[in-house]
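Visitor: Please take a close look at one part of this model with me, namely the surroundings of the ligands. I would like each term to come with its cut-offs.

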Amino acid sequence: MAQQKLKICLLSSELAPLAKTGGLADVSSALATYLHEDGHDVRVLIPRYSRIDETALKIEPVAELTDLEVALGQRRVRYSIDRTTIAGRRTPVHLLRCPEFYARDGIYTNDEDEYLRFVLLSIAGIQMCQRLSFAPHIMSCHDWQTGLVPLYLKSTFAWDKLFANTKSVLTIHNIGYQGWFPSWVLDNLALKGAEHHLHQDDLKHGVVNFLKTGVLYADVISTVSPTYAREIQGDDYGMGLNDLLRQRGGSVIGILNGVDYDEWNPATDSLLPANYSPEDMSGKAVCKSVLMKELGLDERPGRPLLGVVSRLVGQKGIDLIAEVVPRLLGRRDFSFAILGSGEQRLEQMLHALERAFPGRVCFYRGFNNKLAHMIEAGSDMFLMPSRYEPCGLNQMYSLKYGTVPIVRETGGLVDSVDPIDEISESGTGILFRDYNAAGLEWAINRGLDLFDNQELWNKIVANGMARDFSWRRQGGHYVNLFKKLSNLK
Ligand code: ADP
Ligand code: GLC
C-alpha cells in the first residue's frame with residue numbers, strides 16, 4: 001500500500017545554507033529535504049534576513065501571500081512571503097519578507113524588539129497555511145523562536161477549522177536558550193484573551209518564557225537525542241524546565257539528529273583539496289598537509305593534529321580547553337587548530353594560547369564553512385568537551401571524516417560515540433565523564449597514546465567511518481512520530 005502523505009508546516013529561524021549560526025540550520029534543512037524527498041508535502045518558512053546570500057537563488061513572489069498584515073499590540077506589521085528552493089535541492093522554501101524586522105546585521109540581535117521578529121515568524125507561518133488553504137497534519141516548531149505556535153493554535157487561531165486536525169511538535173535543539181522577555185511584551189503577542197494560558201508564576205515574576213510556553217502546549221515535545229531527552233527531565237540539565245518536562249514525560253521523545261552526507265562526506269566533498277574513503281585514505285594526509293600550511297602550523301612527521309569547530313560559548317567546554325591544552329602542549333607532541341567565534345572572554349583566551357605556542361596552535365576567529373570542512377578532514381582528533389550537548393553534529397561529521405572524536409559523556413555525544421575498547425578493537429571515540437580539567441586531560445592523553453599505535457588507530461578510524469547517521473535512517477523516526485500523531489499509515 002502506498003504510504004499516506006503527511007502535510008507539514010516547518011517553522012525555523014535557521015536553514016542551511018541560507019541562514020546558519022549552528023546545527024539548527026543543518027537539521028531543519030536536512031529534515032525538510034528528507035520529508036520532501038520521502039513524498040510528503042512540506043512548507044518551510046524562514047525569515048528573509050538581509051544577510052542571506054541571494055545571488056544563486058531564484059526568488060518569486062506568491063500572489064496569495066503578498067501584502068499581509070498582523071497587529072502586534074498597537075503596531076501593524078506588513079509582510080509578504082516569497083518562494084524559493086534550497087540551492088542544489090528541490091526542497092521548496094518560503095521566505096518571510098519584512099525588512100523592518102529582518103534587514104539587520106545578524107540572524108539574531110540584542111534589539112529590544114527581538115521577540116517580535118519571531119512572533120511574526122510564528123504568526124506568519126499560521127497565516128501562510130490559511131492563505132494557501134493548507135491544513136497541516138503537523139506544525140513542526142523549532143526552539144524558542146517558534147515556541148508560541150502551539151498556544152496560538154489552541155487560542156488565537158482555535159476558531160479556524162483548518163487546524164482542527166493539526167498537531168504541534170516542538171523540537172528543542174537547545175534548552176539553554178529559552179526566549180525570556182519582560183512581561184510588558186505580553187500586549188504585543190497577539191494573545192488577547194489568552195493571557196491566562198501563560199505560566200502565571202512567570203508573569204508574577206515579570207517574565208514571559210517562549211520555550212516554556214511551547215513545552216506547556218505542544219502536543220509532543222521532541223529533542224535531538226534520546227539521552228538529552230532523559231537529561232532535561234532532571235535537575236542537572238533541565239534549566240528550570242525539568243519539572244514541567246517530567247510532568248509531560250509521556251509526550252517527550254528524543255530522536256538523534258541525522259547527518260546530511262550530501263554535504264558532509266570526504267569521498268565527495270568539493271571543499272577539500274583531496275577526497276578519500278575507507279578504501280583509500282591517502283587524501284586525508286593531503287588534507288592535513290594543506291590545512292596545516294594554510295593555518296601556518298609546522299608540519300612534523302607523526303605529530304597529530306587536534307581540531308575544534310565551535311560556537312565559543314559556555315556550553316562547549318572552551319574553558320576546559322583553555323586550561324588543559326597549554327599544559328599538555330608543554331608535555332606532549334601535537335598541534336591544535338580551532339575555528340569559532342563567540343564570547344569575547346573565550347576568544348581572548350584562545351588568542352593568548354595561539355601567541356604562546358606559535359607554529360603549534362592556530363585560532364581562526366570567525367565563521368567559515370570551508371575551513372570547518374577542512375578541519376574535519378585534516379585533523380586526527382576532534383575535541384567536544386561540552387558541558388551539555390543536545391545532539392552535536394561535529395562529532396558525527398568527525399566519524400565520517402576518519403577523525404576520532406574526544407567528547408564528554410553527555411547528550412547526543414553518548415548516543416553517537418562508542419567508547420574504544422583496545423582488546424576487541426571496537427569503538428569509535430573517547431568519552432570522559434566529569435566536566436573538569438582532569439577528565440579532559442585524561443581523554444586527550446588517551447587519544448595521544450592510542451595514536452602512537454597506528455595499527456589500532458586505523459581500526460578505530462575505520463569503525464567510525466562505517467557508522468551511518470544518515471537522514472535516511474533518522475528521518476524515518478520523525479515520519480513515524482508525525483504519522484502516529486495524525487493517525488496516518
Ligand atoms: P551547535 O548547534 O550547538 O552550534 P552542532 O555541533 O550541532 O552545535 O552544530 C554546529 C554546526 O555549525 C556544524 O555544522 C559546524 O560545522 C558549524 N559551525 C560552528 N561554528 C562554526 C564556524 N565558526 N565556522 C563554520 N561552521 C561552524
Ligand atoms: C543545538 C545544539 C546541538 C544540536 C543542534 C541541532 O544548537 O546545541 O547539540 O546538534 O542544535 O539540533
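Guide: In this predicted model, a nitrogen atom of ligand 1 has a backbone N or O atom of N368 at 2.9 Å, which falls under the heading of a polar contact (a pair of N or O atoms within 3.5 Å; within protein, one must be able to donate a hydrogen and the other to accept it, and residues adjacent in sequence count only if both atoms are side-chain atoms). Oxygen atoms of the ligand take part as well: one is 2.6 Å from a polar backbone atom of G23, and one is 2.7 Å from a polar side-chain atom of K316. Ligand 1 taken alone exposes 560 Å², of which the protein buries 94%; such areas are computed by the Shrake-Rupley method with a 1.4 Å probe, and for residues only the protein chains shown count as cover.

Two or more residues of the shell around ligand 1 come from each of α1 (23-37), β13 (305-312), β14, α12 (369-378) and α13 (394-400), with helices (H or I, at least four residues) and strands (E, at least two) being DSSP runs numbered from the N terminus. Strand β13 gives the most, three residues. Of the 21 residues around this ligand, K20, G23, R311, K316 and G366 come nearest, where a residue is near a molecule or strand if one of its heavy atoms lies within 4 Å of it. By class, the shell divides into seven nonpolar, nine polar and five charged residues (Ala, Val, Leu, Ile, Met, Phe, Trp, Tyr, Cys and Pro count as nonpolar, Asp, Glu, Lys and Arg as charged, and the others, Gly among them, as polar). Because domain 1 (7-258 + 472-486) and domain 2 (282-468) both give residues to this shell, ligand 1 lies between them, the domain bounds being taken from an automatic or database domain assignment.

Strand β14, which contributes to that shell, spans residues 335-342 and is joined by five bridges to the parallel strand β15 (residues 361-365); two strands pair if DSSP finds at least two bridges between them. From β14 the chain passes through helix α11 (residues 344-356) to β15 in a right-handed β-α-β crossover, a handedness assigned when, with the strands pointing away from the viewer, the path from the first strand over the helix to the second runs clockwise.

Turning to ligand 2, an oxygen atom of it lies 2.6 Å from a polar side-chain atom of H173, while a polar side-chain atom of N257 is 2.9 Å from an oxygen atom of this ligand, and a backbone N or O atom of G392 is 2.8 Å from an oxygen atom. Ligand 2 exposes 310 Å² when taken alone, and the protein buries 94% of that.

Residues are numbered from 1 along each chain as its sequence is written, and chains are lettered from A and ligands numbered from 1 in the order in which they are written. Local features need pLDDT of at least 70 and side-chain atom pairs count only at pLDDT 80 or more, whereas totals for chains, interfaces and linings use all residues, and side-chain values use heavy atoms, with hydrogens and water left out.
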